[in-house]
Amino acid sequence: MTKLLASPFSSLLAVVFISVISVVRSCSPSDQTALNAFKSTLSEPNLGIFNTWSENTDCCKDWYGISCDPDSGRVTDISLRGESEDAIFQKAGRSGYMSGSIDPAVCGLTALTSFVLADWKGISGEIPPCTTSLASLRILDLAGNRITGEIPTDIGKLTKLGVLNLAENRMSGEIPSSLTSLAELKHLELTENGISGEIPADFGSLKMLSRALLGRNELTGSLPESISGMDRLADLDLSRNHVEGPIPEWVGNMKVLSLLNLDCNSLTGPIPGSLLSNSGYGVLNLSRNALEGTIPDVFGSTTYFVALDLSYNSLSGRIPDSLSSAKFVGHLDISNNKLCGPIPTGSPFDHLEASSFSDNECLCGGPLMKTC
C-alpha cells in the first residue's frame, strides 16, 4: 500500500490552523486583568471559587463562573450565584457567602452580556456608575446582597438590558427616569430595598415588561395610568409600600395580568368590579389597605383565583352569592372587615376555615359555627 506523505503546504496549514484555534480560545489579556482586579475586592472563604481564578490558567477555560465568546476570546458572562445546585455547592453542603464590593474594573469587560453576582449576602458598597457603559449587557442580577446607594441615574444607557434584578439589598433613592427607556426590559425586580419616590409616570413605556416586582420599598403616589397599556405585564407586585389613592378601573382590564399584589399600602375607595370579574387573575392580594364599600357581586363561572385576599380593610355589606358560582377559589381571606350577613354555602365556602371570615361585624353561618 502506498503511504501518503503530507505536503509541506498542508503541514503549514495545519500549524496555522492550530495556531488560530489557540488564539481564539485564549482569554483576552485585558479581560483577564480586569477579572483579577474584580476578584481583588471580593472574599469567598467557604467554597474556594476564586481558587480556580489562577493567573496561570486561561480564564475562558478554567475559571469558575466565567464564559467567553469562542471566536474573540472576550469575556461575555460572569455567573456567580451564592445559592446554586452546582457541584461545588453540593460538595460543600452549604450555600455560599461572599463579602467585599464590586470593583469598577468590571467595566473593562466591554463584551459582557450577563453579570450575575447574586445571593451572596455580604457584598456591599455601591453599583459602580460605569456599569452603564457595558453596552452589550442583557442581564444585571445583583440580588440578595447588602448593596447600598442608588440605581445608576443613566441606567437607560443599557439599551439591550432584558433583566434587572437588584432585590433584597439596601438600596435607596428613587427609580431613575431613564429606566423607563429600557425598551427590551422584560424582568424588573427591586423588591426589599429602601427605594422611595413615586413610580415614574411613564412606567408604561416598558412595553416588553412581563414582571414588575417592586414590593417592600418606600414608594409613594398613585398607580400611573400608563401601566394600563402594558400588554405583556403578567406580574405586578407593589406590596408593602405607601401607594395611595383608589384602585383604577383599568387595572381589571389588563390583558395578561395574573398576579397583583397591592397589600399593605394606603389604597382607598371601592374595589373595581372589573378587578373581581376578570377571569385571568391567579393571585389578587388587596389586604391591609383602607378599601371600603361592598365586595362587587360580579363573580361567575370563569372566575379563577388561586388566592384572593381582601382582609384588613373596611369592606361592608354581604358576601356576594355569586362567589359560590366561581370556577375555582383556592384561598380566600375576607377577615377583619365590616361584613355582615350569612356566609354563602357550597364551594369555595365548604373548604375554608373560620379564620377566613373572622373579625367582621356580623357574619354568621358556615365555618363560623354562628347561627344566623
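A: Let's start with a term: a residue is buried if its relative accessible area is under 20%, exposed if over 50%, and partly exposed in between, using a 1.4 Å probe and protein chains only. This is a predicted model, so local features need pLDDT of at least 70 and side-chain atom pairs count only at pLDDT 80 or more, while totals for chains, interfaces and linings use all residues. Residues are numbered from 1 along each chain as its sequence is written, and side-chain values use heavy atoms, leaving out hydrogens and water.

Phenylalanine 115 is buried, since its relative accessible area is 1%. Phenylalanine 38 also counts as buried, at 0%. Rings of Phe, Tyr and Trp (its six-membered ring) pair when their centres lie within 6.5 Å; planes under 30 degrees apart are stacked, over 60 edge-to-face, and the rest tilted. The structure has 6 aromatic pairs. In one of them, phenylalanine 38 and phenylalanine 115 have ring centres 6.0 Å apart and planes at 70°, so they sit edge-to-face. Phenylalanine 38 belongs to helix 2 (residues 29–40) and phenylalanine 115 to strand 5 (residues 114–118), so this pair ties together parts 77 residues apart in sequence. Helices (H or I, at least four residues) and strands (E, at least two) are DSSP runs, numbered from the N terminus.

Across residues 29–69 the chain is 29% helix and 12% strand, with its end C-alpha atoms 14 Å apart.

A nonpolar core is a set of buried Ala, Val, Leu, Ile, Met, Phe, Trp, Tyr and Cys residues joined through side-chain atoms within 4.5 Å. The largest one here has 95 residues, and Phe38 and Phe115 are among those with the most contacts inside it, along with Ile78, Leu80, Leu117 and Phe203. Helix 2 and strand 5 each supply at least two residues of this core, and so do other elements, including strand 2 (66–68) and strand 3 (75–81). As a general background, nonpolar side chains in soluble globular proteins tend to be buried together.

Two strands pair if DSSP finds at least two bridges between them. An open sheet of 3 strands has the order 1-4-6 with mixed pairing. Its edge strands, strand 1 (42–43) and strand 6 (121–124), each pair on one side only. Strand 1 runs antiparallel to strand 4 (residues 98–101), and they pair over 2 bridges. Look there for serine 43, which stands opposite serine 99 in strand 4.
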